[in-house]
Amino acid sequence: MAIGGKRKRNNDSDGEDDSSRRRTRTEPEKEVKEPFRPSMIKNKEKRSEVHAKVKHQKKLEKRAKSKAREAAVQRAIELGEELPEKKVPRTIENTREVDETVCKPDDEELFAGNDADEFSSILNRQHNPKILITTCRFNSTRGPAFISELLTVIPNAHYFKRGTYDLKKIVEYANKQDFTSVVVVHTNRREPNALLVIGLPNGPTAHFKLTNLVLRKDIKNHGVPTSHQPELVLNNFTTRLGHRVGRMIQSLFPQNPEFKGRRVVTFHNQRDFIFFRHHRYIFETKEIKKIESKGKKDEDGKSEKVPDHKIIARLQECGPRFTLKLVSLQHGTFDSKGGEYEWVHKPEMDTSRRRFFL
Amino acid sequence: MPRTTTLECPGCPPLRALTFDTLGLIKVVESREKQGGPKVVERWGDPDASKSVNAVSIIDRKSNPLVAVARKNGQIEILSPVTGISQATISNANDLDVQSEENSIIGLHLFAKQNLELDSRDYNLLTCTSKGNASIRSIEVPESATGSSSTNSSKTWNVCNSGNILCCKVDGNEKFALFGGKGVEVNIWDLDNCTKIWNAKSPAKNSLGIFTPTWFTSVSYLSKDDHRKFVAGTNNHQVRLYDISAQRRPVLSIDFRETPIKALAEDIDGNTIYLGNGSGDMASVDIRTGKMLGSFTGKCSGSIRSIVRHPDLPVVASCGLDGYLRLWDTNSRQLLSSVFLKQHVLHVLFDSNFIVEDTPKGADSLPSKEETIEEISDEEETIEEISDEEETIEEISDEEEIEAIPLKRKKSSRNKENVIVGSEKKKRVKESDKRKKTKGNDGNKKTTSKDKGSKLASKKKKKSSI
């Protein structure tokens with residue numbers, strides 16, 4: 001019995017084997033063959049070996065390609081032909097979703113809207129901006145340090161202790177004292193994490209998330225800014241909303257920069273993140289050696305060197321460095337309960353990586 | 001590859017809407033079958049911030065329709081919604097009450113019914129300022145478009161002693177008017193005698209003993225014939241149903257999200273209302289039960305200022321501070337199409353007597369529209385109905401073509417939504433994500449390749465086992 005049973009089992013397994021073999025034979029004909037990838041190899045040693053080989057191969061190819069490209073450019077220069085077209089890498093920004101809200105330069109309504117908006121009196125230099133800076137109820141360590149640096153960045157800014165006042169009361173007070181905007185720095189876990197900019201008397205309220213704050217002392221080779229009025233650079237605020245936010249930021253700074261101070265404050269928008277940087281620049285004339293003398297040895301170079309002057313701009317970073325992201329733009333002054341929003345970020349808007357709002 | 005996805009809008013039936021924005025511009029948005037989506041056809045007026053539109057009212061009829069527009073500088077303009085030619089302007093400066101920034105006109109109603117039999121060109125106009133000065137005046141609209149009109153103010157009265165009026169509405173029979181605002185309980189006035197007939201009572205303190213100050217932001221009558229039932233939206237994100245015949249306190253009140261209710265509109269059936277709030281959420285509510293039927297999701301990010309239901313077609317229009325005019329289907333609550341209008345759009349109106357002619361040049365034949373209507377009004381109506389039916393059929397078929405595969409999933413999830421009302425928004429978003437993923441080619445490829453990989457792996461296993 002036992003033997004017979006075994007045999008049966010064997011027979012069964014044989015049958016199974018046959019059927020599975022048949023399947024394996026028939027299946028590859030049906031499917032399109034998968035291109036070989038090293039990740040398909042099971043053995044790790046073998047896999048890493050093959051992977052390294054493939055990687056090396058790719059590297060060589062890349063180098064050869066770039067060399068060929070350079071050679072083509074060189075040849076074109078020698079022959080005086082037109083240079084071959086430079087390839088532009090495809091990025092998320094330049095493949096951004098088509099947005100109808102992008103401002104057009106010939107839009108009459110845009111300019112009329114600009115003239116009518118809340119910031120026009122400051123931007124037309126009828127008023128000088130005067131800014132009140134305050135904090136949330138509790139703040140410590142990095143908060144005050146950040147505020148002291150903000151005070152150096154924004155001219156005509158005044159720090160007021162928050163105390164236990166309501167923000168609405170502070171807005172009222174600032175209105176009476178002819179402030180043009182209120183900036184509130186919010187701190188969470190001893191780290192500034194939000195910035196609230198309120199336009200006065202009836203301007204909009206922007207709520208920004210603040211991240212990646214680096215204070216001046218943590219920046220290597222930082223400079224100490226002078227008290228000159230800074231120049232302002234606003235980059236990439238393209239849409240209607242971005243335009244409005246840009247104008248709002250612009251209204252924090254006086255509109256008559258002192259170029260003598262060589263101070264620049266930059267707000268650079270990239271993928272809806274607004275990067276803040278504060279620099280001092282200098283133009284220097286620098287001697288540069290000629291290309292022919294470069295290849296030869298030093299002794300020959302000295303004899304043949306022809307001094308050539310070139311003006312170079314150098315930057316020195318000073319002041320804080322941080323990133324802002326717009327959370328909401330409220331119509332009117334701060335009102336958390338009965339506020340009306342011009343724009344709120346909602347999670348349902350994040351369905352594409354290539355959609356930007358600023 | 002960059003996915004340049006556009007909003008999949010099924011397109012909307014032929015209609016014509018007027019929008020009014022902060023720069024005082026009136027933009028005409030028309031949608032025709034041939035053009036595809038709705039477009040801005042005409043723009044009336046020059047951009048001027050002092051002409052910002054505060055209130056609008058329309059007489060929507062076939063012959064000689066009129067639109068009244070109250071502007072920020074105290075001017076009231078009466079113009080034709082077909083041609084945009086101004087027929088009369090009243091500057092409030094010659095009026096007795098002092099016109100200032102704080103006391104601007106917020107309520108406006110142009111009476112349609114009173115002068116039908118008179119055949120005169122006199123129109124009655126109800127205005128209400130934010131300080132509560134209401135007045136009915138009659139205006140003579142001259143035959144020629146130019147020339148200022150003479151006004152003889154007939155009745156003025158004060159709606160409230162303190163507080164600010166924020167909303168004002170006249171019922172379908174044009175006999176009663178509703179007023180409400182910040183610090184002003186909703187009250188109803190008889191327009192014939194200028195007497196207050198009803199005043200609401202503020203709801204009781206809540207369980208914590210906290211009294212919320214009255215602040216009405218929008219009101220709307222439930223049906224055209226009945227002046228006794230109306231809904232009011234408050235700044236405290238509440239929608240209240242009042243019934244004059246029942247009690248002075250609200251019969252029903254519903255909370256909606258976190259930001260103030262900014263716009264209310266009633267459906268034709270008299271029990272559905274549409275509401276929009278300060279952060280751009282829009283929903284429809286069955287007011288008999290107080291249950292939310294569903295919300296309108298379409299990436300609307302700015303406060304909704306005005307919602308209008310089309311008198312005939314199943315279309316709702318909403319506009320607001322994000323500068324978009326959005327057209328929604330009332331039944332499916334899907335976005336039909338959206339038009340970017342650049343400024344903060346404050347009001348929207350439908351011109352329901354808009355009929356698309358089959359002539360190739362539609363824009364040129366616009367002024368002659370009235371004549372054609374008068375000639376073959378009856379026939380046109382039937383044609384319109386038929387065309388509507390056809391359209392709906394087309395729409396349905398289109399949708400089926402597009403979304404043939406995920407239809408089942410959609411249905412099942414919709415059933416779920418009905419059970420759990422609160423979390424439906426998130427689910428919808430997820431759904432849309434899913435759909436997009438399934439639609440996107442690369443997603444498909446990936447999944448298939450993975451499958452293949454797993455198959456291969458399984459094969460290898462089998463081989464090794466052999």
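Okay, let me start with one residue, Cys194 in chain B. Cys194(B) has 15 C-beta neighbours inside 10 Å, so it counts as partly exposed. Keep in mind that this is a predicted model. As for where we are in the chain, Cys194(B) sits in the loop between strand 14 (184-190) and strand 15 (195-199) of chain B.

Now go along to Lys342(B). Here too phi is positive in a residue other than glycine, with a value near 75 degrees. Lys342(B) is in a loop as well, the one between strand 27 (335-340) and strand 28 (345-350) of chain B. So, buried or exposed? Lys342(B) counts as buried, because 23 C-beta neighbours fall inside 10 Å.

Okay, over to chain A for another backbone feature. Leu200(A) and Pro201(A) are joined by a cis peptide bond, with omega about 0 degrees. You'll find Pro201(A) in the loop that runs between strand 4 (191-199) and strand 5 (205-214) of chain A.

Last topic, the nonpolar cores. The largest one has 98 residues, and Val56(B), Ala68(B), Ala317(B) and Leu325(B) have the most contacts inside it. Take Ala68(B) and skip its neighbours within four places in sequence: what is it in contact with? The partners are Val56(B), Ser57(B), Ile76(B), Ile78(B), Leu108(B), Leu110(B) and Leu125(B). There's also a second, separate core of 42 residues, and among its members are Leu195(A), Val197(A), Phe208(A) and Phe276(A).

Terms used
Residues numbered from 1 in each chain as written. Chains lettered and ligands numbered in written order. Predicted model: local features only at pLDDT ≥ 70, side-chain atom pairs only at ≥ 80, totals over all residues. Core = buried A, V, L, I, M, F, W, Y, C linked by C-beta atoms within 7 Å. Buried ≥ 20, exposed ≤ 12 C-beta atoms within 10 Å, placed from the backbone. Contact = placed C-beta atoms within 7 Å. Helix = DSSP H or I, 4+ residues; strand = E, 2+ residues; numbered from the N terminus.
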